[in-house]
Amino acid sequence: MENKNIFGESGIIITLFLILIPVLIATVIVVLKASYIFKRYLKKKEIEKFNAYLKELNPEEIIKLEQRKKELEFALSNNELAGNATPEDPKGLINNVAEVESFRFIEQKKKGQARPYVEPELTNLILWYLGCATFWLLLGTTIGEYLGIKFVAPDVDQISWLSFGRLRPVHTNAVFWGWASLAMMGLAYYVVPRVSNVPIACIKTGYRSLILINLSVVIGSICLMAGINNGGGEYREYIWPVMALFGIGIIISLVNFIKTIARKTTKEIYVSNWYIIASMMFLLVIAIVAYWPTWQNGLGETIVQGYYMHQGVGMWFMLFTLGLMYYFLPQQLNKPIYSYSLGILAFWTQILFYTLIGTHHFIFSAIPWWLQTVAIVGSVGMVIPVIAGTTNFLMTFKGSWHKLSSSYTLPFYLIGIIFYFTGSLQGTAEAFRFTNLVWHFTDFTVAHSHLTMYGIICFMLWGFIYTLVPRLTGKEPSQVLVGAHFWLALIGLLFYTFPLMYGSTLRGLMWMEGKPFIDSVELMAPYWLWRAIGGSLMWLSHILFAYNFYVMVRRKLEIVIPTAPSDILRAKQEFDNQDLTK
């Protein structure tokens, strides 16, 4: 093959641009740090000059300075108006001003604000969804952690049920259909009635849906480990009866949401409900198309696989989570979304372009050339909804950036938005023919899928959960542990993805040069080690998240020692009453 300058290819240029964004931010930080060091150096010079001045002071100058010191030290006695009376605080304006109940070196964030009443039945339903989702996140990523270890220790076990080929789909399907899907559905059971300003149509339907989805993931995971699978492609490993359970669970909740929205008294349907309802409808269409037996052979199955895999990510997870963002971000910032029109533009253009791009995973395959070209054009068209959505979210932040420093939830939102921009445009860059030739069938696609599904979906869902659950239970998580969760997840994701992207680029170029396959395997060994390290950090962050969720929902009675005067007096009264009773 003719050698080309890879830096002249559009996809490579776009990818380099996306990588340069964090590099430029780091450069700005370095410049600011250098400026700070330089200012300290100048200050040190001023101190040296001042010390020289001190050595040259003569007695007359010292006398003048002492005189001026006495003049400046004159102060009032502070009792000119109050006299010598004992200070009192009859209005209770001063209380515990000298107490510090937290670490001084950790910036304290604001507590969650009380919100309108949510009926206990709906609260319990939402918490059950989020609790099950947290379980599947922990289980699914524990399996993923084990798979990451297998990259550097492939002979760690000899059990067929624990083989890489069987566990890998267990990991992906558990986090897809168990963690992310249940978390989104649980949050939707709060958002849909809230923006419709009516109660949810049927609480029991929500529990039926929860049971069906959990059953599908449990049965599907057991089947996959036993070697019973669909064999039709990635994320489509569940056999059709298992996926049917999931689909029925989505159908009954979709009907439940539509009934709820139909009861609303306002004319408009808020954009969040547009996204949520559309994503559920698309998921049903995607699943039926993917499992319909007519086209499960030959090139038809390949084309359907591309459609299913990408629509599952973009028209189920992405569309649904963006709908949640359109509710939670304005609510957290206490201001309306920047532009309703941009939200609708992003909605319709995503539906137009995203539904075309599935076959960009099969460039240079036997499928028709025109269909490959349509997928590339659709991938480029995705620039429109991505830029529209990102602009809408960031402009909503305008004038409220200061709230980031005092919030433990907004950093999750912001990271999700940043990865929504960079990760989505990276997908566009991968669609070009040359970049597809270099990166496809390498671990670059693994890195990309984690940048999107983890960097976008997970960070947004965590932000939403940390926002909502304290308002439902009245219990806040430890801000220190939330911060540890955030940084472990973010640093782990960067450790996981950047080495894989770099190593996979080298690997793809080796393939194009015709070098032996085993050489590329040896090349990837250190990058797979970084993958295991990054995955371990991400897994640790999930343990912290699970603990934080437990703290927010536990019903353990805590012994609280009264400190306020009213509480002390009430305790004294109760204590005296107990003595009289005895």
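**Close-ups: a helix crossing and some aromatic pairs**

**View 1. Helix H3 against helix H14.** H3 (residues 120-152) packs on H14 (residues 444-473) at an angle of about 140°, and their axes sit 11 Å apart. That makes H3 oblique to H14 (angles under 35 degrees are roughly parallel, over 145 roughly antiparallel, 65 to 115 roughly perpendicular, the rest oblique). On the H3 side, the contact (heavy atoms within 4.5 Å) is made by Thr-123, Ile-126, Leu-127, Leu-130 and Leu-137, and H14 brings in Trp-462, Ile-465, Leu-468, Val-469, Leu-472 and Thr-473. Sorted by type, these residues come out as nine nonpolar, two polar and no charged. This is a predicted model, with local features needing pLDDT of at least 70 and side-chain atom pairs counting only at pLDDT 80 or more, while totals for chains, interfaces and linings use all residues. Numbering starts from 1 along each chain as its sequence is written, and side-chain values use heavy atoms, leaving out hydrogens and water.

**View 2. Trp-274 meets Trp-348.** This aromatic pair is edge-to-face, at 6.2 Å centre to centre and 85° between the planes (ring centres of Phe, Tyr or the six-membered ring of Trp within 6.5 Å; planes under 30 degrees apart are stacked, over 60 edge-to-face, the rest tilted). Trp-274 belongs to helix H7 (residues 271-291) and Trp-348 to helix H9 (residues 340-354), so the pair ties together parts 74 residues apart in sequence. Trp-274 is partly exposed, with a relative accessible area of 29% (buried is under 20%, exposed over 50%, partly exposed in between, with a 1.4 Å probe and protein chains only).

**View 3. An aromatic cluster.** Ring pairs link a cluster whose members include Trp-179, Tyr-408, Trp-462 and Phe-545.

Definitions and conventions
Axes are lines fitted to C-alpha atoms, for helices over the stretch in contact, and angles run from 0 to 180 degrees between N-to-C directions. Helices (H or I, at least four residues) and strands (E, at least two) are DSSP runs, numbered from the N terminus. Ala, Val, Leu, Ile, Met, Phe, Trp, Tyr, Cys and Pro count as nonpolar, Asp, Glu, Lys and Arg as charged, and the others, Gly among them, as polar.
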